[in-house]
Amino acid sequence: MSTDPMTGQYRAVDDAFADLPPRVAALADEYERLVGDRDRFLWQWIHSLLPSFTLSSVDDRHASRVRACKTTLTMYVTLLDDLLERHGDRRTFREACRLAEPGASADPARAAVDAETFAFIERVWATVADDLEAAPRGDEFADVFAYDLRQTANAIEYSALVSERPHLANLSGARRFEAHNMNLFAYVDVDLMYSSAFDPEDLGSLRDLCWDLQEMARIGNWLTTWERELAEGDYSAGVVVLAIQEGLVSAGEMRSAADPEAIAERIRANDVEDHFRRRWARLYREARSRNNCVDSVDVDRLVDGMETVYEYHLASEGLK
């Protein structure tokens with residue numbers, strides 16, 4: 001797949017986008033009317049990409065529902081991310097997080113957005129929750145899903161904290177905390193809820209593999225969004241974090257952000273991106289060669305799917 005979104009190869013990817021399922025399309029319409037931070041392309045992009053890294057164990061009869069559920073889950077997580085990182089709205093972020101917390105109840109009166117917008121966020125989460133409740137093995141993996149979604153919310157908070165306090169930036173934190181923004185573990189949990197033949201004995205080994213796959217997904221995202229995020233005052237991308245850690249730019253410069261393009265040019269000139277390209281390639285080789293000890297999921301297909309994820313990131317640079 002070409003890295004140039006204007007080439008014919010990119011258009012082939014774009015043309016392959018299927019229409020969003022009606023219930024997802026209705027939410028996308030509401031999103032455009034009430035929020036509008038992201039282009040509809042993002043929901044089409046993830047909906048098109050999801051089959052590439054959906055577990056082979058998902059029952060065929062549930063595949064469409066799983067895909068729609070994870071697309072809607074992406075919308076919910078994106079709403080959380082933008083509330084905090086784009087708008088600095090901690091009040092609404094915390095209430096929106098409570099929607100997904102078992103046993104908790106959100107109070108719209110504590111949110112900083114208008115009632116109609118918060119009601120929309122509630123509908124997005126309720127759509128996800130309906131799919132989780134209908135899942136044949138939903139109860140079995142509910143606690144794991146809730147835990148993993150909390151890690152996604154934690155990653156969003158971590159990213160916002162680094163952007164506010166660039167002196168905190170370090171690559172270990174980006175890999176261990178910020179990478180959860182990819183939500184891969186929660187996606188896998190949804191798959192497992194709809195996988196009748198999945199063997200629970202495989203869960204530990206599968207999740208061990210997912211640590212590397214999630215970082216691979218995050219690297220693809222970092223490589224294609226860091227310049228836009230830098231201009232927006234978001235300094236949490238691994239490319240920028242490594243530049244700070246290596247002394248190529250200073251945390252003080254990040255805070256002043258007088259000339260983000262000059263900072264970006266310095267980062268590009270020092271080949272910081274190559275570090276992440278090499279790391280992605282190493283993680284991919286290791287994932288392909290390791291003994292994964294998972295029998296009820298085709299892990300080779302899952303690993304290969306991460307190559308497609310990487311290609312999709314490159315092909316959509318500047319569009320999400």
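**Figure 1. Residue E246 in the loop between α11 and α12 of the predicted model.** At 54% relative accessibility, E246 counts as exposed (exposed means over 50% relative accessible area, buried under 20% and partly exposed in between, with a 1.4 Å probe and protein chains only). The C-alpha atoms of E246 and V272 are 9.6 Å apart in space, while the two residues are 26 apart in sequence. This is a predicted model, in which local features need pLDDT of at least 70 and side-chain atom pairs count only at pLDDT 80 or more, whereas totals for chains, interfaces and linings use all residues. Residues are numbered from 1 along each chain as its sequence is written, and side-chain values use heavy atoms, with hydrogens and water left out.

Figure 2. Helices (H or I, at least four residues) and strands (E, at least two) are DSSP runs numbered from the N terminus. The buried residues are G238, V239, V240, V241, L242, A243 and I244. They pack against α8, α10 (203-231), α12 (251-256), α13 and α14, where contact means heavy atoms within 4.5 Å. G247 follows α11 and has a positive phi, near 80 degrees.

**Figure 3. Positive phi at N183 and D271.** Most residues other than glycine have a negative phi. N183 has a positive phi, near 65 degrees, and is found in the loop between α8 (171-176) and α9 (184-193). With 2% relative accessibility, N183 counts as buried. For D271, phi is also positive, near 55 degrees, and the residue lies in the loop between α13 (260-269) and α14 (272-289). D271 has 48% relative accessibility and counts as partly exposed.

**Figure 4. Cysteines C69 and C293.** A search of the whole structure finds 0 disulfides, a disulfide being a pair of cysteine sulfur atoms within 2.5 Å. The closest cysteine sulfur to that of C69 is in C210, at 17 Å, which is too far for a bond. C293 is likewise in no disulfide, and the nearest cysteine sulfur, that of C210, is 15 Å away. C69 counts as buried at 0% relative accessibility, whereas C293, at 48%, counts as partly exposed.

**Figure 5. The whole protein as context for the close-up views.** The secondary structure comes to 15 helices and 0 strands. The radius of gyration is 19 Å, close to the 20 Å that the globule rule gives for 320 residues, so the protein is as compact as a globular protein of that length (the radius is taken over C-alpha atoms, and the rule is 2.2 Å times the number of residues to the power 0.38). Along its principal axes, the C-alpha trace spans about 50 × 50 × 40 Å. Buried residues make up 54% of the 320 residues. Of the contacts between residues at least 6 apart in sequence, 75% join residues at least 24 apart. The accessible surface comes to about 13,800 Å², of which 46% belongs to carbon and sulfur atoms (Shrake-Rupley method, 1.4 Å probe).
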